[in-house]
Number of protein chains: 2
Amino acid sequence: MRERRQVASDAGLSKQRVVVEAIRLADREGVDGLSMRQLAGALGAGAMSLYHYVANKEELLDAMIDVVFEEIELPPEEADWQSAMRRRSASARQVLARHPWAIGLMESRTSPGPAHLRHREAVTACLRRAGFSIVMATHANWLLDSYVYGFALQAASLPFDTADEFADMAEDVFLPQLPPDEFPYLNESAAALVGAGYDPAEEFIFGLDLILAALEPLRASA
Amino acid sequence: MRERRQVASDAGLSKQRVVVEAIRLADREGVDGLSMRQLAGALGAGAMSLYHYVANKEELLDAMIDVVFEEIELPPEEADWQSAMRRRSASARQVLARHPWAIGLMESRTSPGPAHLRHREAVTACLRRAGFSIVMATHANWLLDSYVYGFALQAASLPFDTADEFADMAEDVFLPQLPPDEFPYLNESAAALVGAGYDPAEEFIFGLDLILAALEPLRASA
DNA sequence: TACTATCGACGTACGCTGTACGATTGTCAA
DNA sequence: TTGACAATCGTACAGCGTACGTCGATAGTA
């Protein structure tokens, strides 16, 4: 007889439900606002009930990260390698923008989950099939992932998401706190960018395409 | 008359001393092990004494990040732009490898400190003087920083630092947990890398040089 | 010399955290 | 009916950030 009223839903608890609700909470409140009691509350359960589905909070965080990896599109097999990498990299950027807390969490989590491994396998497969040697595929993997994660990290620490928001912020916040004589070049940049507008998604594509183009000659086409 | 015995030193407290000790603690115990009480203990003080030098823990973390930025070498003015960027990027990677907690912290900290701003100004100046347009300099800035931060983030989540440690880990830990039929390409890579050895510092240089070379034609040389 | 203001340091306390432990309940097999 | 088992929860504890008030030592002034 399950009778207790539950805030989020009436279905029983499950690891899946716990992790999904945890992600929703982290998206809304940030990872610092995610406590076992809050999470349990959102699920209409007692705090200790969660420990039947998750050994401890660390394991919960690991599981959350792996769900995030599941959200990232795999490189489509039928496309050429550059298109495939562009697709999955853009998807990764979007997903990490949706779940900014995930970026900061990766640093402390050492062993990759199943979705993470599947993703790496698919990317490596795509590169190898495109003619990259084992060593070159490793280089490409590191390079692309570094760019994606680093971009997401930088974007997460910016207080705006769109070109319009940027224009407002830049004019009202950035420029005033940059003494022109001390930071002439930053002023120059900020001023120019206010006029031109600024979109993180476009910025991302610029660097991504530059990297892809630079990798192209390094593969031994079959 | 300052008479109390202090663990770390007998000099009086100061914001500088608090922040430096906090960094030492975070390096040793990780950012989760850094509590105001622990920190105060390491300084031979009471927990609340710290609040005379720091408004709250957030401000402490901000200050720690900015000290980390101070440790990063600025691009040397006399060098050509590629050498200058190589120097400062390699320095940044080393510093972030020394303070892995700093990477995860950046995501949540939105406004850059003075050292961070000085660094950005110097990098932008270097790029502009090398002939990059304002827009191109911004692209290059994002691209290089993304790579540096992302690389550091990935490196931090690896449980090894040197080629030798990697060989041990790969053989004992990675390969056994990768079913060859499910992850053929990852197995291929891991096996190959065990033989060849693997050094994060070299890996970093590969991607960095590739990016620098790809940026070269995009500047309008004076 | 005596009084007072100021500053650095700290003790206590509050509400929060993760989670160990044990008790309680509902379900099903024997 | 009995026993085993899984799920749930209440209580408790140590540790967290930090608000608040206090205290001793020093500096300035009368």
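Let's start at A:Ala122, which sits in helix α6 of chain A, residues 114–129. Helices here are DSSP runs of H or I with at least four residues, strands are E runs of at least two, and both are numbered from the N terminus.

A word on the source. This is a predicted model, where local features need pLDDT of at least 70, side-chain atom pairs count only at pLDDT 80 or more, and totals for chains, interfaces and linings use all residues. Residues are numbered from 1 along each chain as its sequence is written, chains are lettered from A in the order in which they are written, and side-chain values use heavy atoms, with hydrogens and water left out.

Back to A:Ala122. What does A:Ala122 touch, leaving out residues up to four places away in sequence? A:Leu74 and A:Pro75. Contact means heavy atoms within 4.5 Å. A:Leu74 is 48 residues away along the chain, yet the two C-alpha atoms are separated by 6.7 Å.

Now chain A as a whole. It has 10 helices and 0 strands. The C-alpha trace of chain A spans about 65 × 55 × 25 Å along its principal axes. How confident is the predictor? The average pLDDT of chain A is 91, and 94% of the residues score at least 70. pLDDT is the predictor's confidence in each residue, from 0 to 100. Watch residues 1–9 of chain A: pLDDT stays under 50 there, and the model has 18 contacts for them beyond four places in sequence.

Next, salt bridges. The criterion is a side-chain nitrogen of Lys or Arg within 4 Å of a carboxyl oxygen of Asp or Glu. Take A:Glu71 and A:Arg98, at 3.1 Å, N to O. A:Glu71 lies in helix α3 (residues 57–71) and A:Arg98 in helix α4 (residues 81–98) of chain A, so this pair ties together parts that are 27 residues apart in sequence.

On to the interface. Chain A and chain B each put 53 residues into the contact. Between them they bury about 5,100 Å², 71% of it on carbon and sulfur atoms. That area is the accessible area (1.4 Å probe) lost when the two parts are put together, summed over both.

How many salt bridges run between chain A and chain B? The count is 2. A:Arg128 and B:Glu188 meet in a salt bridge through their side chains, at 2.7 Å, N to O. Which helices of chain A supply at least two residues each to the side that touches chain B? They are α5 (100–106), α6, α7 (134–156), α9 (184–196) and α10 (200–215). α7(A) gives the most, with 16 residues.

Last, aromatics. There are 12 aromatic pairs over all chains. Rings of Phe, Tyr and Trp (its six-membered ring) pair if their centres lie within 6.5 Å; planes under 30 degrees apart are stacked, over 60 edge-to-face, and the rest tilted. A:Tyr198 and B:Trp142 are a tilted pair, 6.3 Å centre to centre, with 35 degrees between the planes. A:Tyr198 is in the loop between α9 and α10 of chain A and B:Trp142 is in helix α7 (residues 134–156) of chain B, so the pair joins two chains.
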